[in-house]
Each structure stands twice: as structure tokens, then as C-alpha cells.
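Me: Please take a close look at the helical part of this model and go through the contacts and exposure of its side chains.

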Amino acid sequence: LISGSFCLTLVQLSKGLHDQLLVTKEQLLQSRKQLVQVGVEKETLLEQQREERIKVQALRDKSTLVSKELLDQQKRVKLLQYEVLAGRQDLKGMTSNCTESSRLMEK
């Protein structure tokens, strides 16, 4: 009777441990699935971050090119302004010479 009761207790204990093992195994599988999902989400975010960095760098490069082009255009405008000023001075000088020549011819 003691031996049977002991065996029955062992079987019940074994069944309880087995059930607990199954529950723990299922929890482990769920945790692994969540871990995989988190890993995929993390990789997706990292990829998006890399793409954004590439876009930002491209925009910086374009901005640098536009700034350089703007500076070049400003230099060209400045040179053209000097040329116009020099042309005006030449024209003023020619006008003055023409006026003087006309006066001399009238005399």
C-alpha cells in the first residue's frame, strides 16, 4: 500500500512537472517569436535610418553645389558690374572727347 501510494504520488508529481515543462516550453516559443519580431523591426528601423542618412548626405551635397554655384554667379555678377562701370567711364570719356571735338570744329 505504501509502495502504491508512493508510486501514485510520483506519477502525479511527474505529470505536474511535465505539464509545467509544456507550459514553460510554450512560453519559450512565444518569447522566441517576440524576439524575432523585435529583431526584424529593429533591422527595418536601422535600414530606414541608413536610407535617411543617405538622403541627408545627398541633400547636403546638393546644398554645397548650389552654394558654390551661387558664389560663382555672384563673382560673375560682380565682374559684369565692373565691366559695366568701366564701359560707362569709357563712354563718358568718349562723350567728353566728342563734345570737345565738336566745340573745336565749331570754332
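Reply: The protein has one helix and zero strands, where helices (H or I, at least four residues) and strands (E, at least two) are DSSP runs, numbered from the N terminus. This is a predicted model, in which local features need pLDDT of at least 70 and side-chain atom pairs count only at pLDDT 80 or more, while totals for chains, interfaces and linings use all residues. Residues are numbered from 1 along each chain as its sequence is written, and side-chain values use heavy atoms, with hydrogens and water left out.

Helix 1 covers residues 2-106. Along the principal axes, the C-alpha atoms of the protein fill a box of roughly 155 × 10 × 10 Å. The radius of gyration is 46 Å, whereas a compact globule of 107 residues would have one near 13 Å; the radius is taken over C-alpha atoms, and the globule rule is 2.2 Å times the number of residues to the power 0.38. Two pairs give distances along the chain. Gly-4 and Val-36, 32 residues apart in sequence, have C-alpha atoms 47 Å apart. Val-38 and Lys-25 are 13 residues apart along the chain, and their C-alpha atoms are separated by 20 Å.

Gly-4, found in helix 1, is partly exposed at 44% relative accessible area. Val-38 also lies in helix 1 and is partly exposed, at 49%. The protein exposes about 10,300 Å², of which carbon and sulfur atoms supply 63%; accessible areas come from the Shrake-Rupley method with a 1.4 Å probe, and for residues only the protein chains shown count as cover.

Part of the surface is a nonpolar patch of about 330 Å², made by Leu-79, Tyr-82 and Leu-85. Patches are made of residues with over 30% relative accessible area and no salt bridge, like charges being joined within 9 Å and nonpolar side chains (Val, Leu, Ile, Met, Phe, Trp, Tyr) within 5 Å. Leu-79 is in helix 1 and is exposed, with a relative accessible area of 53%.

The charged side chains form five salt bridges in the whole structure, each a side-chain nitrogen of Lys or Arg within 4 Å of a carboxyl oxygen of Asp or Glu. One of them joins Lys-55 and Glu-52 at 3.7 Å, N to O. These two residues are separated by about one helical turn because they are three residues apart in helix 1. Glu-52 is partly exposed, at 43% relative accessibility. Another salt bridge pairs Glu-43 with Arg-50 at 3.0 Å, N to O. Glu-43 is partly exposed at 44% relative accessibility, and Arg-50 is partly exposed at 35%. Arg-76 and Glu-69 form a further salt bridge, with their closest N and O atoms 3.3 Å apart. Arg-76 is partly exposed at 43% relative accessibility, as is Glu-69 with a relative accessible area of 37%. Salt bridges that share partners also join Glu-43, Glu-47 and Arg-50 into one network.

Over the whole protein, the mean positions of the 18 positive and 14 negative charges are 3 Å apart. Lys and Arg count as positive and Asp and Glu as negative, with His and the chain ends not counted; each charge is placed at NZ of Lys, CZ of Arg, CG of Asp or CD of Glu.

Note on methods:
Buried means under 20% relative accessible area, exposed over 50%, partly exposed in between (1.4 Å probe, protein chains only).
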